[in-house]
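Student: Could we go through this model together, setting each label against the cut-off behind it?

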Amino acid sequence: MDFQIGLVIAGLVVGFVVGLTGVGGGSLMTPILLWFGIPPTTAVGTDLLYAAYTKMAGVFVHNKKKNINWKITGFLSLGSIPAALLTLWILDNIKTDVTTINQVIKYSLGWALLFTSVAILFKTKIAKFSKKHAGDKFHHESKTQNILTIAIGIMLGATVTLTSIGAGALGTVTLFFLYPLLPTPKLVGTEIAHAVPLTLVAGIGHASMGNMDYLLLGQLLMGSLPGIFVGSMLSGKIPDLYLRNAIAIMLFFAGYKLIF
């Protein structure tokens with residue numbers, strides 16, 4: 001494909017939103033790529049590596065600000081990486097044409113967007129509910145927390161590999177429920193740190209199947225790397241309520257359009 005300044009700008013905006021809020025990477029970028037006429041398989045594969053490289057910059061900033069809980073990141077990865085590899089194996093061994101796979105990914109993408117939009121809209125209420133029950137026995141049993149964190153990783157691994165969506169929004173919301181006393185900047189930093197190995201593995205897997213456009217990837221990274229750096233520096237300093245609600249509404253309509 002030819003160079004398009006619109007893709008660079010899209011990368012810049014999405015990178016900034018990811019750094020600022022921890023959500024919106026695949027949720028925003030994949031629908032944008034479909035709008036530019038990119039096939040679903042290529043959009044998902046390219047977006048996964050785009051997310052991996054973009055969020056590496058975010059990890060650098062958040063780690064410097066001590067906003068990452070590496071123990072939680074490790075337990076999430078214990079579930080997500082094997083799930084991603086299994087999903088890739090299934091996709092690679094489905095004996096069907098590319099058109100059918102594109103339809104499956106497009107339909108799955110639509111539902112993932114709908115669930116993501118709901119998760120973003122009700123994030124505050126979920127956080128309040130979780131903090132209200134932070135003293136429950138459940139939150140003091142580290143073994144139970146660890147097992148559930150791995151289970152969440154499995155869910156995210158399969159969802160992200162199939163649709164490139166969920167690592168940020170769905171992951172952050174589920175962490176709110178499991179770790180209600182963890183400050184929001186640490187939740188954001190932890191989920192960004194977990195998303196890097198997950199999207200890297202899933203992206204390399206898709207690339208090996210030919211679902212990759214490297215020129216497209218380069219254009220997105222030209223914008224996203226400076227965008228996520230600035231967004232991460234401002235994380236926790238700018239109220240993101242209106243931004244989150246706007247993202248949720250856009251994602252809902254994008255998902256609805258893909259499904260119906």
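**Labels and their cut-offs**

Tutor: Phe253 is exposed, since its relative accessible area is 54%, where exposed means over 50%, buried under 20% and partly exposed in between, with a 1.4 Å probe and protein chains only. This is a predicted model, in which local features need pLDDT of at least 70 and side-chain atom pairs count only at pLDDT 80 or more, while totals for chains, interfaces and linings use all residues. Residues are numbered from 1 along each chain as its sequence is written, and side-chain values use heavy atoms, with hydrogens and water left out.

Student: What makes Tyr107 and Trp111 an edge-to-face pair?

Tutor: Rings of Phe, Tyr and Trp (its six-membered ring) pair if their centres lie within 6.5 Å, and planes under 30 degrees apart count as stacked, over 60 as edge-to-face and the rest as tilted. The ring centres of Tyr107 and Trp111 are 6.4 Å apart and their planes stand at 80°, so the pair is edge-to-face. The two residues are 4 residues apart in helix α5 (residues 98-121), and are therefore separated by about one helical turn. Ring pairs also join Tyr107, Trp111 and Phe115 into a cluster.

Student: How do you know which kind of aromatic pair Phe252 and Phe253 form?

Tutor: Their rings are 5.8 Å apart centre to centre, with 85° between the planes, and the pair is edge-to-face. Phe252 counts as partly exposed because its relative accessibility is 37%.

Student: Why is α3 described as enclosed by the rest of the structure?

Tutor: Of the 25 residues of α3, 20 are buried, so this helix is largely enclosed. Helix α3 (residues 40-64) reaches 36 Å from its first C-alpha to its last, close to the 36 Å expected at 1.5 Å a residue, the expected span being 1.5 Å times one less than the number of residues.

Student: What lines the largest pocket?

Tutor: The lining consists of 18 residues, of which Leu28, Pro31, Ile32, Met250 and Ala254 lie nearest the centre of the pocket. A pocket is an open set of points on a 1 Å grid over the protein atoms alone, where a 1.4 Å probe fits, with protein on both sides within 12 Å along at least five of seven lines, and lining residues have an atom within 4 Å of a point. Helix α11 gives the largest share of this lining, 7 residues.
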